[in-house]
Amino acid sequence: MNYSEALKEYRQKVLLTQEELARELGVSFASVNRWERGLFEPTMKMKRKLKTIFEKEGVYVNGKKEK
């Protein structure tokens, strides 16, 4: 699973809109929208933050839990 798919899955699990997730992450709606559409990938700093919140809901990029 890539970041686009992981973001969509995470949002569906926790029932958040793109705008709500953007506020939670401290980024713009446009950033979340572009990540979900696969136009851009999050920065490394944001990937670390996303990994932490994804794991709480059982969402893993590349489809598996990382060590």
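I looked up Leu 50 to begin with and found that, leaving aside residues up to four places away in sequence, Leu 50 touches Tyr 3, Leu 7, Leu 25 and Pro 42, where contact means heavy atoms within 4.5 Å. I note that this is a predicted model, in which local features need pLDDT of at least 70 and side-chain atom pairs count only at pLDDT 80 or more, while totals for chains, interfaces and linings use all residues. Residues are numbered from 1 along each chain as its sequence is written, and side-chain values use heavy atoms, with hydrogens and water left out.

I then turned to α4, the helix of residues 44-56, whose 13 residues reach 19 Å from the first C-alpha to the last, close to the 18 Å expected at 1.5 Å a residue; the expected span is 1.5 Å times one less than the number of residues. Helices here are DSSP runs of H or I with at least four residues, numbered from the N terminus. In α4, I recorded Met 46, Lys 47, Leu 50, Ile 53 and Phe 54 as buried, that is, under 20% relative accessible area with a 1.4 Å probe and protein chains only, exposed being over 50% and partly exposed in between. The buried residues of α4 pack against α1 (3-14), α2 (18-25) and α3 (29-36). Just after α4, Gly 58 has a positive phi of about 75°.

Next I checked α2, in which Gln 18, Leu 21, Ala 22 and Leu 25 are buried. Seen down the axis of α2, these fall within an arc of 105°, so they line one face of the helix. Their cover includes α1, α3 and α4.

Finally I looked at Glu 36, which lies in α3 and counts as buried at 4% relative accessibility. The side chains of Glu 36 and Gln 18 are joined by a polar contact of 2.9 Å, the term denoting a pair of N or O atoms within 3.5 Å, of which, within protein, one must be able to donate a hydrogen and the other to accept it, with residues adjacent in sequence counting only if both atoms are side-chain atoms.

Methods:
Helices (H or I, at least four residues) and strands (E, at least two) are DSSP runs, numbered from the N terminus. The arc is that of the directions from the helix axis to the C-beta atoms.
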